[in-house]
Amino acid sequence: MYAKKLRRDAYLFFIPGFLFVCWFIVYPLVQNFLYSFYDFRLTRLSDKTFIGLDNYHAIFHEKLLWISLRNLLYYGLLTVPGQMVLGFLAAYALYRSFPGVKFFRAVYFVPVVTSWVVASLVFKFIFTDRGFLNYLLTDKLHWTSAPVSWLSTPFLALTVLALLGIWKGIGWVMVLYLAALQNVPQSLYDAAKVDGAGAWQRLVHITIPSVRQTSSFIQVMLIIGSFNVFTSVMLMTGGGPLHETEVLLSWMYNKAFKHYDLGYAAALAYLFALPIAVLNWLQMRRDKESD
Amino acid sequence: MSARLSRVSIGIALFIGAAISLYPLFFMLSTSLQPNAVILEYPPRLWPSEPTWDHYWEAWNSQQFGRSLLNSAFVTVAAFFALFALSSMLAFAYSRFEFRGKRISWLVLMACLTIPVMTLIIPQFVMIRDMGLYDSYWALVLVYTASGIPFTTFLLKGFFDSISREIDESVFMDGGSSRLLFLRIVMPLSKPAFVPAIIFNALYIWEEFPWALTIINDPAKRTLPVALANFQGQYTTQWGVVFAGSLLALLPILVLFLFLQRYLIRGMTAGAVKG
Amino acid sequence: MRNRKSLRLIVTLMLLALLAAGCGNGNNNNGQAQGTAGASPNAEQPAEDVTLTFWHHYSTASAEEKTLKEVLIPKFEAEHPNIRVNAVSFPWDQLHQKLQIGASAGELPDVARLDIIWVPELQANDMLVALDEKFDDFAEVSKELLAGPLSTAVIGAHTYALPLNTNTKVLFWNEKMFKEAGLNQAPATMDEFFAALPKLKDKFPQSWGFGEPALRGWNVLPWLWSNGGDVLSPDNTTAQGYLNGAASVEIATKLQQAFSQGLITGFKPGDTPVTEGHAKDVYGMMAEGPWAFAQFTDQFKEFKPMAASFPAGKGGSVQVLGGEDIGILSKEHPEESWEFVKFMVSEAAEVEMGKVGQIPVNLKAMEHPDIKAISYFAPFLEQLTTSKARPPVSAWPQIDDVLNDAFMQIFLQKADVQKTLDGAAQQIDDLLNA
């Protein structure tokens with residue numbers, strides 16, 4: 001009986017926000033797609049030439065494509081499980097209340113609050129050749145005979161970047177899991193106890209399955225997050241040495257704002273953003289179906 | 001016996017985790033209190049023998065630091081209120097109404113959620129330039145607002161969905177409008193969900209770096225992350241000043257978080273992501 | 001109940017912050033930024049006030065920036081009550097980038113301090129005002145300045161900037177480390193230099209004999225030149241036979257060996273910054289500009305820097321010529337900008353900047369007793385007599401990248417020197433012929 005009026009109301013609520021998103025996200029998304037077929041320079045924005053697939057062609061002949069793909073994969077493989085496992089463990093240890101639990105929850109969330117710029121600068125300083133970590137490893141623990149060149153060895157530099165990502169993300173994952181764990185009905189545990197299930201069995205057979213949906217949400221968000229890695233790369237290694245630590249966004253940013261090649265950068269953005277959007281979309285669909 | 005042992009080891013693990021979480025902050029504090037001449041000394045010192053506050057004064061006085069702090073606060077608050085208003089309305093529409101295009105627009109919104117925002121930096125740059133908003137607060141506020149909407153809508157819709165629809169019926173029965181339902185019923189009941197929305201958006205906007213770096217020149221309009229990154233010179237970095245500035249920048253958001261953190265988990269619990 | 005109270009408190013706090021920020025911004029939205037918010041001494045001036053934006057790359061919180069902000073600009077503003085100057089500091093590479101982005105966004109400063117190697121590129125993009133064409137008193141002003149640095153801003157028939165300061169690098173040596181290693185003086189020749197490195201390492205195993213902060217042309221060219229090599233042929237048409245010639249390969253191989261033995265470093269991410277490290281006995285030697293002295297007096301008062309000519313090889317002691325120009329990009333206020341440019345190259349301003357390590361190019365300033373009294377300028381002035389400028393080719397920024405990548409490969413990946421330089425020479429030739 002209210003249907004007609006309600007539909008009008010619906011648009012009043014719906015349109016402002018959705019228009020805004022279309023204006024600043026969807027429209028740029030389309031623009032980006034169009035730019036990727038042009039020779040489009042930052043130094044002369046007013047005239048661009050259509051060059052078809054040349055930008056994509058150039059990207060596939062660039063060694064950096066494989067380097068940045070490899071780096072993103074490595075970064076993702078370390079940070080996504082790293083954050084999930086450690087974040088879950090923190091939540092599992094802290095979801096029941098005991099004296100001091102609030103302190104630990106707050107402390108574990110502090111890295112989330114620390115900005116990427118600040119965190120990158122600190123990590124850079126800790127991992128310099130004559131930094132605190134090398135002092136500990138070389139002069140105190142004698143695990144290494146000479147200082148380790150963390151930031152100039154590509155593989156180690158990527159590992160440091162991943163450690164920063166994990167350090168910064170654990171708290172966020174913990175909060176999501178804390179929320180989920182509090183929704184697991186106590187009755188399930190009680191029943192399991194009656195059946196004589198141990199702590200480990202309860203964890204594996206009750207807790208983990210009960211938070212499956214949260215896990216999958218976290219996983220999607222973390223994969224997106226790992227594709228977003230930029231500030232730490234730019235401030236800690238600048239993509240160097242020799243572009244060995246370059247990731248998608250640092251490469252794209254340099255192409256756009258150092259080499260002024262906007263068309264090339266737009267093509268890059270598409271090449272990376274599209275598969276990850278599809279991947280995440282599939283994941284979300286699968287969750288829905290399995291519900 | 002074994003239960004006690006495992007409790008002790010969990011306790012130890014928790015303390016180690018806490019130490020790792022806090023160590024970089026401690027490290028910043030200790031470095032920021034050391035005179036320049038001491039910072040690069042080897043072996044590094046854990047705590048300065050003669051702490052000095054000089055770097056704090058230097059950080060505060062250079063780069064118009066106080067100004068950047070206000071800029072960040074202004075941009076964060078303005079963008080947050082804008083995106084919160086738009087997102088809550090949008091979430092309300094999705095949660096309570098049926099309308100044409102609902103499904104497809106929701107898919108579009110969720111697709112926006114999965115795209116790394118920074119890949120849009122080029123068209124957004126061109127657009128902002130064409131609008132004549134390069135090097136202005138608008139450039140920051142508009143883009144931050146739009147970027148925050150998909151996630152916030154997602155978060156709030158989850159919470160709104162958990163509010164019983166029987167209330168809707170009774171409101172309409174009594175002749176109430178949907179505006180009344182939104183402002184007087186659904187929003188007040190959803191307060192716990194505001195906390196995660198505030199924390200995540202405030203964090204994102206407060207620390208956003210690449211866009212602000214690209215679009216802002218005027219030091220009077222710089223936000224904190226840009227001001228901080230500027231302390232890092234081409235060949236030299238004054239670490240003491242950098243970390244003094246970093247701690248000053250961290251303080252407001254840390255205080256905000258400490259205020260809100262006890263409501264955070266409740267907001268998430270009832271919110272979008274159910275176990 | 002408490003819940004609601006805290007929420008309300010936070011909202012109030014946020015609104016207050018919003019209000020405070022909002023007020024601060026009210027007087028600042030006409031595109032031209034003002035200096036420090038609110039506290040301008042000229043607040044009573046009539047409406048035709050002009051605010052100039054000046055972009056520069058004096059490092060943040062450095063002695064130069066302090067002189068600019070605390071001495072020069074107040075003095076200029078006192079002399080020109082209707083002009084205010086808003087000085088904006090960027091890191092060196094960001095300034096270059098911001099100028100390019102600003103050009104396409106239509107947001108350029110009125111005046112900018114430019115590395116001499118940027119001037120041809122900016123002029124090609126039509127960003128700089130031709131000073132000799134626009135201003136009648138140009139000849140009077142320019143004849144006060146050194147001819148060599150002035151020539152860096154001449155492109156074709158016109159002059160697009162004025163020189164602001166000149167510089168080159170000399171060899172700094174850490175006296176304490178040298179003495180302890182049994183060395184008495186700075187190495188005068190390349191052979192002495194390479195002989196000194198292991199001696200320093202033996203005595204200071206945790207340190208390095210020499211620090212080089214990067215591997216671009218600015219860093220690499222002095223080594224090639226002093227050993228009789230080069231990057232490009234004298235007519236700047238090819239790198240074949242020069243960058244990969246015997247003299248260049250020889251010195252690159254020696255440096256590669258020294259790096260692999262842990263005798264030199266400084267350019268890797270994670271290395272201790274070179275200038276600070278030199279003062280803290282991390283690097284026995286370094287090649288740096290006069291600003292290093294200013295940095296030492298500012299931050300490392302107890303360190304006594306020692307400078308000498310860059311070690312001479314088969315090609316002599318040849319360092320790279322650097323320096324900055326000051327140019328006008330203003331469309332709206334060229335006259336006021338010109339006033340500021342003239343002020344910055346005037347004797348008084350050049351003397352003040354000289355005191356913090358910027359070698360003046362104003363003839364009178366160079367003869368000023370305060371400048372004469374700066375003893376550390378002596379080795380630089382001597383080195384300047386043999387310094388060479390980087391090749392004035394428009395592809396230089398890209399060539400710089402090629403050099404950096406080639407030498408990074410040689411050092412970090414232990415790449416074959418001849419092969420790597422062959423490849424780099426080919427790439428450079430491609431750039432030159434593009």
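**Notebook: chains, contacts and cores**

I began with chain C, where 48% of the 434 residues count as buried (20 or more other C-beta atoms within 10 Å of a residue's own, the C-beta atoms being placed from the backbone). A reminder to myself: this is a predicted model, in which local features need pLDDT of at least 70 and side-chain atom pairs count only at pLDDT 80 or more, while totals for chains, interfaces and linings use all residues. Residues are numbered from 1 along each chain as its sequence is written, and chains are lettered from A in the order in which they are written.

Next I looked up the secondary structure of chain C and found 20 helices and 12 strands (DSSP runs numbered from the N terminus: H or I of at least four residues for helices, E of at least two for strands). I then checked its contacts (C-beta atoms, placed from the backbone, within 7 Å). Among those between residues at least 6 apart in sequence, 73% join residues at least 24 apart.

**Helix pair in chain C**

I picked H2(C), residues 63–79, and H15(C), residues 347–355, whose axes lie 9 Å apart at an angle of about 145° (lines fitted to C-alpha atoms over the stretch in contact, with angles from 0 to 180 degrees between N-to-C directions). On the H2(C) side I noted Glu64(C), Thr67(C), Val71(C) and Leu72(C), which meet Ala349(C), Glu352(C) and Met353(C) of H15(C). This contact divides into 4 nonpolar, 1 polar and 2 charged residues (nonpolar is Ala, Val, Leu, Ile, Met, Phe, Trp, Tyr, Cys and Pro; charged is Asp, Glu, Lys and Arg; the others, Gly among them, are polar).

**Between chains**

How many residues of chain A are in contact with chain B? I found 84, against 74 residues of chain B. Helix H1 of chain A, residues 3–35, gives the most to chain A's side, with 20 residues. That side holds 66 nonpolar, 14 polar and 4 charged residues.

**Cores**

Last, I looked up the largest nonpolar core, with 182 residues (buried Ala, Val, Leu, Ile, Met, Phe, Trp, Tyr and Cys joined through C-beta atoms within 7 Å). Leu161(A), Val175(A), Tyr177(A), Leu268(A) and Leu90(B) touch the most other members. Helix H7 of chain A, residues 154–182, gives the most to this core, with 19 residues. A second, separate core has 114 residues, including Leu114(C) and Trp396(C).

Terms used:
Contact = placed C-beta atoms within 7 Å. Buried ≥ 20, exposed ≤ 12 C-beta atoms within 10 Å, placed from the backbone.
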